[in-house]
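Trainee: I have this entry open and would like to go through it with you. Could we begin with the way its helices pack?

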Amino acid sequence: MTAEEITTRTYGNFRKPRTSGLRGLSLGTTLLLLAGLIAVVLTTLVSVWAALLMAVSVAMVTAALAFRDRHDRTLLKRGAVRLAWWRSTRSGGHLYRSGPLGRTGYGTCELPGLAAESTLTEAQDGYSRPFAVITIPATGHHTVVISCDADGSALVDERQVDTWVAHWGQWLSALGSEPDLVAASVTVETAPDSGVRLQHEIASNTVAEAPQLATAMLHEVLAAYPAGSAQIATRITLTYSGAARPGTPRRSAEDMALHIGTRLPGLTAGLSLTSAGTAVPMTATELAEVVRVAYDPTVATLVEEARATGGTGLTWKEAGPMAAQEAWDHYRHDGAFSMTWAMTEAPQGEVFSNVLTGLVQPNRDIARKRVTLLYRPHSPADGARVVQQDYKHALFAAQQQQIGKAREDAEVIAARRTTEEQAQGHGVIRFGMLITATVNAAADLPKAAAAVDNLAPAARIAVRPVYGSQAAAFAAALPLGLVLPLHTALPQTIRDAM
């Protein structure tokens with residue numbers, strides 16, 4: 001017998017395209033600096049003191065845009081977040097009350113924040129399976145959620161894992177050619193298992209004539225299994241735009257449901273090769289239950305018991321919290337407290353396929369945890385333009401240095417490799433990550449924060465709390481299909497300059 005050499009496959013080359021200006025500045029900051037210098041020169045023709053004052057102002061604004069912290073945030077960005085938080089608290093926008101004593105219509109418990117105007121409808125796909133469609137009127141987006149029963153990588157050889165990852169990459173790459181698709185997300189949620197499902201399964205399959213030893217063993221399993229066990233749920237969210245082309249009227253929810261229903265069979269079939277297990281679209285009731293439990297984890301057991309006896313009957317108007325209050329660094333919703341982190345830096349260098357295993361696994365210091373990967377695929381044409389611009393900017397940044405540095409050379413090599421892979425037919429996709437930790441008491445928030453701070457470095461990523469926007473980040477981490485860049489107050493061009 002000959003031993004076959006097995007090499008472990010690695011992954012990497014995650015790039016963050018950015019515009020390059022003079023001496024490492026962004027393109028927007030460089031243009032602002034040049035415009036300011038021209039204005040100072042012209043002002044000297046009128047008054048030297050006015051020119052001096054303008055020069056000081058230009059220097060202060062440039063410094064606010066040039067100096068960045070370790071999470072690549074400028075001083076102007078930090079100041080804008082503080083100002084927005086001050087305006088929100090001053091107007092009471094951080095408070096939410098619903099129900100009979102709330103301000104929402106008809107005493108319902110609607111979703112707060114960005115999903116307040118969302119509606120939920122149900123349709124059938126090409127396989128006659130019912131699926132729910134979430135409509136966000138503000139952006140004209142329609143979202144469908146797919147529930148997966150992931151197999152996991154335990155006792156699976158390395159070749160099979162590599163095959164799964166390759167098919168997952170192909171599935172993501174195909175999203176760039178999916179008609180009207182604007183975003184996708186993958187949410188892995190871990191929570192304590194109440195044991196209700198096991199209890200119902202044992203009760204429905206136990207007969208009176210069963211041996212006493214088997215019955216005693218099942219009762220012992222039923223008593224011991226829920227302690228320390230966890231429930232893991234994986235959900236994939238696909239968000240479509242209701243406008244076929246810019247400038248055309250938006251399509252209705254019924255038309256989009258018909259369009260999405262014809263695409264769902266192929267999308268769910270493609271997931272069968274990615275270790276996603278059985279992938280089925282979620283119904284309206286199931287999706288309402290997921291959101292209801294996320295905002296109030298104390299009702300998780302009641303929801304499972306009601307589901308085991310024939311359904312909960314929850315509607316979208318009842319999925320929200322009774323009360324919620326946003327703080328600077330956490331979010332309180334009904335009887336729970338949550339804190340959300342955002343990824344600021346992707347894994348550097350080469351990583352293995354199990355780099356996120358520890359991050360998505362259950363943690364004893366966090367009652368409920370959601371890790372959400374946010375994807376925004378580029379079309380093939382846009383992907384080619386993005387990688388070409390990134391390569392040009394990397395070359396420009398390397399030429400700014402009189403003596404070449406290893407970092408700039410590595411950036412040029414990585415950008416060239418990306419252009420070659422895109423030319424070979426690979427997709428280009430933007431991605432981010434949100435991590436939400438939910439605990440039952442405010443005193444447990446420091447433990448949850450320490451747990452996330454320990455898990456993030458092991459996953460080779462850099463994270464920071466979403467200060468001042470905890471409510472929006474909490475909603476974005478749920479399977480609702482919210483595309484956060486489209487809900488910001490500043491245009492995209494101004495955000496890139498900052």
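Trainee: At what angle do helix H11 and helix H12 pack, and how far apart are their axes?

Mentor: Helix H11 (residues 380–399) and helix H12 (residues 406–423) pack at about 160°, and their axes are 9 Å apart. Axes here are lines fitted to C-alpha atoms, for helices over the stretch in contact, with angles running from 0 to 180 degrees between N-to-C directions. Helices (H or I, at least four residues) and strands (E, at least two) are DSSP runs, numbered from the N terminus. That angle makes H11 roughly antiparallel to H12; angles under 35 degrees count as roughly parallel, over 145 as roughly antiparallel, 65 to 115 as roughly perpendicular and the rest as oblique.

Trainee: Before we go on, where do these values come from?

Mentor: This is a predicted model, in which local features need pLDDT of at least 70 and side-chain atom pairs count only at pLDDT 80 or more, while totals for chains, interfaces and linings use all residues. Residues are numbered from 1 along each chain as its sequence is written, and side-chain values use heavy atoms, with hydrogens and water left out.

Trainee: Is the crossing of H11 and H12 left-handed or right-handed?

Mentor: H11 passes H12 in a left-handed crossing. A crossing is left-handed if the near helix is turned anticlockwise from the far one by less than a right angle, and right-handed if clockwise.

Trainee: Which residues make the contact between H11 and H12?

Mentor: On the H11 side they are Pro380, Gly383, Ala384, Val387, Gln388, Asp390, Tyr391, Ala394, Leu395, Ala397 and Ala398. H12 contributes Glu408, Glu411, Val412, Ala415, Arg416, Thr418, Thr419 and Gln422. Contact means heavy atoms within 4.5 Å. By class, ten of these residues are nonpolar, five polar and four charged. In this scheme Ala, Val, Leu, Ile, Met, Phe, Trp, Tyr, Cys and Pro count as nonpolar, Asp, Glu, Lys and Arg as charged, and the others, Gly among them, as polar.

Trainee: Take Thr419, then. Buried or exposed?

Mentor: Thr419, in helix H12, is buried, with a relative accessible area of 11%. Buried means under 20% relative accessible area, exposed over 50%, and partly exposed in between (1.4 Å probe, protein chains only). Not counting residues up to four places away in sequence, Thr419 touches Val387, Gln388 and Tyr391.

Trainee: Now H5. How is it placed against H9?

Mentor: The axes of H5 (residues 196–205) and H9 (residues 300–308) come within 9 Å and cross at roughly 25°, and the two helices are therefore roughly parallel to each other. H5 passes H9 in a right-handed crossing. Val196, Arg197 and His200 of H5 make the contact with Thr301, Glu304, Glu305 and Ala308 of H9. That contact has two nonpolar, two polar and three charged residues.

Trainee: And what about H5 with H6?

Mentor: The axes of H5 and H6 (residues 212–224) come within 10 Å and cross at roughly 165°. H5 and H6 are therefore roughly antiparallel to each other, and their crossing is left-handed. Leu198, Gln199 and Ile202 in H5 meet Leu218, Val221 and Leu222 in H6. This contact divides into five nonpolar, one polar and no charged residues.

Trainee: Changing topic: how many disulfides are there?

Mentor: A search of the whole structure finds zero disulfides, each defined as a pair of cysteine sulfur atoms within 2.5 Å. Cys109 is buried at 15% relative accessible area, and Cys148 is buried at 8%.

Trainee: Which phi value does Ser275 have?

Mentor: Ser275 has a positive phi of about 70° although it is not a glycine. Most residues other than glycine have a negative phi. Ser275 is found in the loop between helix H7 (253–270) and strand E7 (279–281), and at 10% relative accessibility it counts as buried.

Mentor: Arg460 also has a positive phi, near 65°. Arg460 is in the loop between helix H13 (445–458) and strand E13 (462–465) and counts as partly exposed at 39%.

Trainee: Last one: where does Pro362 lie?

Mentor: Pro362 lies in the loop between helix H10 (357–360) and strand E11 (368–377), and at 42% relative accessibility Pro362 counts as partly exposed. Leaving aside its neighbours within four places in sequence, Pro362 is in contact with Thr190, Ala230 and Ile232.
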